[in-house]
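We will go through pockets, cores, strands and a few backbone angles.

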Amino acid sequence: LIDYCRKTDIHFQAYNVINGIHDRHDVSPRAFSLLMLIAEELSSTSKHGYAPAHVILKWLIQNKVSVIPRTRQLGHLQENSPLTLATMPDLVPSQEEKVRIAVAALLKGQDLDQPLATFINKKDAGNLHLFWKSHDGNEIAIRNNLLPGEEFQTITYPGHVFVIYDHTRSQRKELMIGADFGETQQFHIDEL
C-alpha cells in the first residue's frame, strides 16, 4: 500500500501504529529481538537510549510516512515526540531492510527464522572439530570429525561464536555469526 501511495503521489499517514506492531512481540519474539538489536546499535552511537518503538517510528518517518502515535501516558508522548525522533540517527540501508522484515513479520503475526550457519570443510586433508563457545567461554562440541568436503548446518543466533579445531586440536579458529534472523551464513574453512 505504501509503495502504491508513493508511486501515485498520495501522502500516507499512520495512526496508532505502535499497538499494531510493537504489541505483538510475544507472537514474534525473534522479529522483536531484531528491532531491539537495532535500537541498541542506535543507542550506542548516541547519548540517548532508544527502544524498538523508536526504531519503528524512525523507519516510518524515514520512508515518508506521517505518524500520529497514540498514547495515554505523558511520558510516552515526550518519548515519541518529533524532537526525540529528529535527534535519532538515521537508519542505514541495512537497518532499514531489517526493520522492514521485522515489521512485516510482526504485522502478519509470524516470527523470523533463526539464522542458519553452514560450515564447509574445504581443507585438502584432515578432519575438523566444531564447537559452540558459550558466553562464559566454555566450548561445547557440536560436530566432531567433519571430513574434507563435508558440510554441517546448524540453527544459531546472531553473535554466537563457534570454534573450529584441526584434527590434532592444535590449531583453532573462532568464527562469529554475523547473520541476523531470517538469514543464512556460510563458512568455508580452508585453513586455521
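What volume does the second largest pocket have? The second largest pocket has a volume of about 330 Å³. Please keep in mind that this is a predicted model, in which local features need pLDDT of at least 70 and side-chain atom pairs count only at pLDDT 80 or more, while totals for chains, interfaces and linings use all residues. Residues are numbered from 1 along each chain as its sequence is written, and side-chain values use heavy atoms, with hydrogens and water left out.

**How to read the pockets**

- A pocket is an open set of points, on a 1 Å grid over the protein atoms alone, where a 1.4 Å probe fits, with protein on both sides within 12 Å along at least five of seven lines; lining residues have an atom within 4 Å of a point.
- Grid points are joined across faces, edges and corners, and a volume is the space filled by probe spheres set on the points.
- For the linings, Ala, Val, Leu, Ile, Met, Phe, Trp, Tyr, Cys and Pro count as nonpolar, Asp, Glu, Lys and Arg as charged, and the others, Gly among them, as polar.
- Helices (H or I, at least four residues) and strands (E, at least two) are DSSP runs, numbered from the N terminus.

**The second largest pocket**

- Its lining has 15 residues, and the closest to the centre are Ile18, Asn19, Arg70, His76 and Asn80.
- H2, H4 and helix H5 (74–79) each give two or more residues to this lining.
- By class, the lining of the second largest pocket has three nonpolar, eight polar and four charged residues.

**The largest pocket**

- The largest pocket holds about 470 Å³ of space.
- Among its 18 lining residues, Ile2, Trp59, Leu60, Arg100 and Val103 are the closest to the centre.
- At least two lining residues come from each of helix H1 (2–7), strand E1 (12–15), helix H2 (17–21), helix H4 (52–62) and helix H7 (93–108).
- H7 gives the largest share, six residues.
- This lining has 12 nonpolar residues, one polar and five charged.

**Nonpolar cores**

- A nonpolar core is a set of buried Ala, Val, Leu, Ile, Met, Phe, Trp, Tyr and Cys residues joined through side-chain atoms within 4.5 Å; buried means under 20% relative accessible area, exposed over 50% and partly exposed in between (1.4 Å probe, protein chains only).
- The largest core has 28 residues, with the most contacts inside it made by Val17, Leu35, Leu42, Val55, Ile56 and Val99.
- H2, helix H3 (29–44), H4 and H7 each supply at least two residues of this core.
- Another core, of 13 residues, lies apart from it and includes Phe119, Leu146, Phe152 and Ile189.

**Strands**

- Strand E4 (residues 128–133) pairs with strand E5 (residues 139–146) in the antiparallel sense over five bridges; two strands pair if DSSP finds at least two bridges between them.
- Lys133 has Glu139 in E5 as its bridge partner.
- E4 and E5 form a hairpin with five residues between them, and Gly137 in the turn has a positive phi of about 95°.
- E4 is also joined to E7 by five bridges, running antiparallel, and His129 stands opposite Tyr165 in E7.

- Most residues other than glycine have a negative phi.
- Asp9, in the loop between H1 and E1, has a positive phi of about 60° and is exposed at 72% relative accessibility.
- Arg169 has a positive phi near 60°, lies in the loop between strand E7 (161–165) and strand E8 (172–176), and is partly exposed at 41%.
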